[in-house]
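The sequence and the structure are shown below.

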Amino acid sequence: MSGRTPIYSGRMPTVPPEPASLSQHEPHRARQVAESFGSDAERYDRARPRYPEALVNRIVAASPGPNVLDVGCGTGIAARQFEAAGCRVLGVEPDARMADFARRSGVEVEVATFEAWDAAGREFDAVIAGQAWHWVDPDAGAAKAAQVLRPRGRLAAFWHAFQLPPDVAEAFAAVYHRVVPDSPFDLRGIRSALDVYLRGITKVADGLREAGGFSEPEQWRFDWEQSYTRDELLDLLPTQGTLTRPPPDKLAEVLEGVGAAIDALGGSFTMPYATVAVTAARTGAA
Ligand SMILES: C[S@@+](CC[C@H](N)C(=O)[O-])C[C@H]1O[C@@H](n2cnc3c(N)ncnc32)[C@H](O)[C@@H]1O
């Protein structure tokens, strides 16, 4: 998946990603959104894309052992991928509905926010967070990761940035703001999801430098793409933070508007994704 020509022009309008699209710049404070993903855990697990195998393998190879802590493990999407790569994974997840799903899929989970979770002296070779680190207090999160990682243990936080076709993104923004005018998200005017995520991970890297105890953070990027039919995209969109909370009638209206835009494209399209990671190793004697 890695190594393809970059596909982001930086000029296409898109679905603003969750972290930066909240009107406030501290998404971890928006707890109603942060813990809303379990409103439909089955759909979340079915529709959300998996992580590039190359990313999983690179994190595993860069970690000193197989014990992984998955922060905000949700339904266990990343956890199961790391288990398939030979790791032992413990999830920490504050939303009991997500945690229940993950447990049913075979992942061991403790229900808590990462900040409040009691590590009880346990140490890990890697702390991972798939699309979850922005919901964690950046200072407390960096300090907690430093506390639970053994020397040379690796912190890796990663996100998918996806780019809807311009007409679909514009239709989404227009209908969304008409139907959900009081949303904390602003979907208008963002030109590139990837740029927004890259700004976000630069902030995470700054936080790790400030926290201390980590090597110089690196950024990794994996480009890939996935085709979507109208039904597949309309299954995915309600799992986004923008749409986990509106009531069913409003959600249906938004999806109808987006669906019409996909129909106008012929009913399907190929979506470019970039999965971006910020990662650093715990310093200290081995
Ligand atoms: C977008 S989902 C990602 C789930 C999963 N990691 C994945 O890759 O599909 C974000 C998850 O972070 C969890 N979360 C929110 N705040 C958190 C916190 N302070 N500590 C740990 N997890 C948190 C949410 O409950 C949710 O399950």
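Which exposed residues are carried by the face of H11 turned away from its buried side? They are Asp249, Glu256 and Ala264. The model discussed here is predicted.

## Helix H11

Helix H11 covers residues 248–264 and has 17 residues. From its first C-alpha to its last, H11 reaches 24 Å, close to the 24 Å expected at 1.5 Å a residue. The residue Gly266, which follows H11, has a positive phi, near 105 degrees.

The buried residues of H11 are Leu251, Val254, Leu255, Val258, Gly259, Ala261 and Ile262. Viewed down the helix axis, these buried residues fall within an arc of 160 degrees, so they line one face of H11. An α-helix has 3.6 residues a turn, so residues three or four places apart point the same way. The packing partners of the buried residues of H11 are helix H8 (166–179), helix H10 (230–236) and S7.

## Nonpolar cores

The largest nonpolar core holds 61 residues. Those that touch the most other members are Phe82, Phe158, Leu164, Phe172, Leu233, Val258 and Met271. H8 provides the largest share of this core, with 7 residues. Apart from this core lies another, of 35 residues, among them Val136, Ala145, Ala161 and Ala193.

Leaving aside residues up to four places away in sequence, Val258 touches Val168, Phe172, Leu233, Leu234 and Leu237.

## Thr279 in strand S7

Strand S7 spans residues 268–281 and includes Thr279. Is Thr279 buried or exposed? Its relative accessibility is 0%, and because buried means under 20%, Thr279 counts as buried.

A polar atom of the Thr279 side chain lies 2.9 Å from the backbone oxygen of Leu155. With residues up to four places away in sequence not counted, Thr279 touches Arg154, Leu155, Ala156, Glu216, Pro217, Glu218 and Trp220.

## Helix H6

Helix H6 comprises residues 96–104, of which Met98, Ala99, Phe101 and Ala102 are buried. Seen down the axis of H6, the buried residues lie within an arc of 160 degrees, so they line one face of the helix. The elements covering them include helix H3 (41–47), helix H5 (77–84) and strand S3 (108–110). After H6 comes Gly106, with a positive phi near 100 degrees.

Key: Residues numbered from 1 in each chain as written. Predicted model: local features only at pLDDT ≥ 70, side-chain atom pairs only at ≥ 80, totals over all residues. Heavy atoms only, no water. Helix = DSSP H or I, 4+ residues; strand = E, 2+ residues; numbered from the N terminus. Buried < 20%, exposed > 50% of the residue type's maximum accessible area, 1.4 Å probe, protein only. Polar contact = N/O pair within 3.5 Å; in protein donor to acceptor, adjacent residues only side chain to side chain. Contact = heavy atoms within 4.5 Å. Expected span 1.5 Å × (residues − 1). Arc of directions from axis to C-beta. Core = buried A, V, L, I, M, F, W, Y, C linked by side-chain atoms within 4.5 Å.
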